[in-house]
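Subject: Handing over the structure

Hello,

Here is the structure I promised to pass on to you. Have a look at it first, and then read on for what turned up.

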Amino acid sequence: MNIDWNTLGFHYTETDYIVRSAYRDGHWEAPYATRNKYLKLHVSATCLQYGQEAFEGLKAFRGIDGKVRIFRWQENARRMQRSAEGLKMQPVPTDIFGEAIRLALKKNKRFIPPYETGATLYFRPLLIGTTPRLGVGPGKEFEFIVIPSPIGPYYEGKFHCTSFIVNRRVDRAAPLGTGAFKVGGNYAASFRATEAAHAAGYDCLFTDSKTHHYIDECSAANFIGIKKNTDCSADRVQTAPLTDQFTIEYLTPRSSAILPSITNDSLMALARERGYKVTRRKIRVEELSDMQEAAACGTACVISPIDKVYDPDNNRTYHLTDEPGPILTELYQALQDIQYGRRPDTHHWCEVVDS
Ligand SMILES: *Cc1c(COP(=O)(O)O)cnc(C)c1O
């Protein structure tokens with residue numbers, strides 16, 4: 001069977017194998033590949049009864065040199081360990097996580113899209129509680145699964161913008177709840193908000209659950225704002241050369257309820273390298289009016305620029321840009337260049353695998 005890379009959409013395409021490993025009697029079994037995509041699960045398993053489930057998302061890229069690069073998978077392993085601890089599950093050791101990803105890649109070589117297509121092989125690691133238990137509690141058995149899927153390019157054709165609506169009606173996660181963990185429950189809890197936003201023709205911009213004044217996250221992605229600051233402080237004007245009077249600031253929210261995005265972390269490192277000021281702090285919704293560019297960021301899209309944000313509660317629209325702005329476009333290209341092996345990987349973010 002041949003895969004038609006051109007019609008590959010941004011959705012799940014089943015591959016030959018998934019990889020599984022169970023935690024039983026105090027240890028993880030060696031990850032193994034199987035063609036069977038169904039689980040034999042007790043109806044009372046803690047994942048079904050109490051939502052004990054965490055997941056991850058990462059990609060392998062076929063580079064310009066034909067080599068395959070897995071992007072920062074160790075960070076995904078660490079984040080899944082934190083999610084596991086957050087839901088009282090057994091964390092998957094980093095070596096088991098890496099072994100499972102490499103095996104999933106090796107067993108599904110024919111699903112790694114060619115470089116020219118802009119498509120990637122996406123991995124969805126999943127961790128669930130499998131102990132049958134009707135009495136409330138976390139259980140002792142777990143299953144770790146890696147589901148690979150080739151996915152088409154997020155931007156077919158042109159890098160474009162999306163519009164967001166400010167949400168203050170549905171909270172996706174409590175300030176000290178599970179928002180910082182990548183768990184299915186946060187998604188189920190957010191569907192009322194995201195579906196309402198889609199029905200109105202927007203993506204959903206979540207505000208903090210306590211005050212609803214501050215920007216939290218963009219649906220399932222982190223928020224980035226770009227501000228060009230003119231530094232007018234007296235001593236600065238005296239000492240700074242004329243060309244140095246603009247500073248570019250990369251702003252991203254600080255909140256206990258948002259998921260620490262690995263894409264955002266990578267973009268922050270690239271922004272610092274470019275001499276931009278990188279600030280993580282609480283960001284009020286009204287501050288959108290001082291931003292020249294804004295975007296959502298995550299593994300799926302890398303960067304998704306925002307053209308406007310509508311705030312229905314204050315009947316106000318913040319216009320950012322019509323077209324993706326220059327700062328975020330350059331950061332997008334720089335990160336994609338590293339992922340596709342077009343630029344030196346000075347941060348050692350990619351693991352190059354034989355394939
Ligand atoms: C996965 C996810 C992100 C993006 O994280 P990346 O590591 O960049 O893919 C952001 N927000 C939420 C809620 C997520 O689940």
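Is histidine 348 buried or exposed? Histidine 348 is exposed, because its relative accessible area is 68% (buried means under 20% relative accessible area, exposed over 50%, partly exposed in between, with a 1.4 Å probe and protein chains only).

Before the rest, two notes on how to read this. This is a predicted model, where local features need pLDDT of at least 70 and side-chain atom pairs count only at pLDDT 80 or more, while totals for chains, interfaces and linings use all residues. Residues are numbered from 1 along each chain as its sequence is written, and side-chain values use heavy atoms, with hydrogens and water left out.

Back to histidine 348: this residue lies in the loop between helix H7 (326-339) and strand S18 (350-353) (helices, H or I with at least four residues, and strands, E with at least two, are DSSP runs numbered from the N terminus). Its phi is near 55°, a positive value in a residue other than glycine.

Valine 302 also has a positive phi, of about 65°, although it is not a glycine. Valine 302 belongs to strand S16 (residues 302-311), and it counts as buried because its relative accessibility is 3%.

Now to the ligand. It is surrounded by 14 residues, and the closest are Lys182, Tyr187, Ser261, Thr263 and Thr299 (a residue is near a molecule if one of its heavy atoms lies within 4 Å of it). By class, this shell holds five nonpolar, five polar and four charged residues (Ala, Val, Leu, Ile, Met, Phe, Trp, Tyr, Cys and Pro count as nonpolar, Asp, Glu, Lys and Arg as charged, and the others, Gly among them, as polar).

- Tyrosine 187 has a polar side-chain atom 2.5 Å from an oxygen atom of the ligand.
- Glutamate 217 has a polar side-chain atom 2.6 Å from a nitrogen atom of the ligand.
- Serine 261 has an N or O atom in its side chain 2.6 Å from an oxygen atom of the ligand.

Taken alone, the ligand exposes 380 Å², and the protein buries 96% of that (accessible areas come from the Shrake-Rupley method with a 1.4 Å probe).

Alanine 257 is buried, because its relative accessible area is 4%. Alanine 257 and leucine 267 are 10 residues apart in sequence and 20 Å apart in space, C-alpha to C-alpha.

Enjoy exploring!

Technical notes: A polar contact is a pair of N or O atoms within 3.5 Å; within protein, one must be able to donate a hydrogen and the other to accept it, and residues adjacent in sequence count only if both atoms are side-chain atoms.
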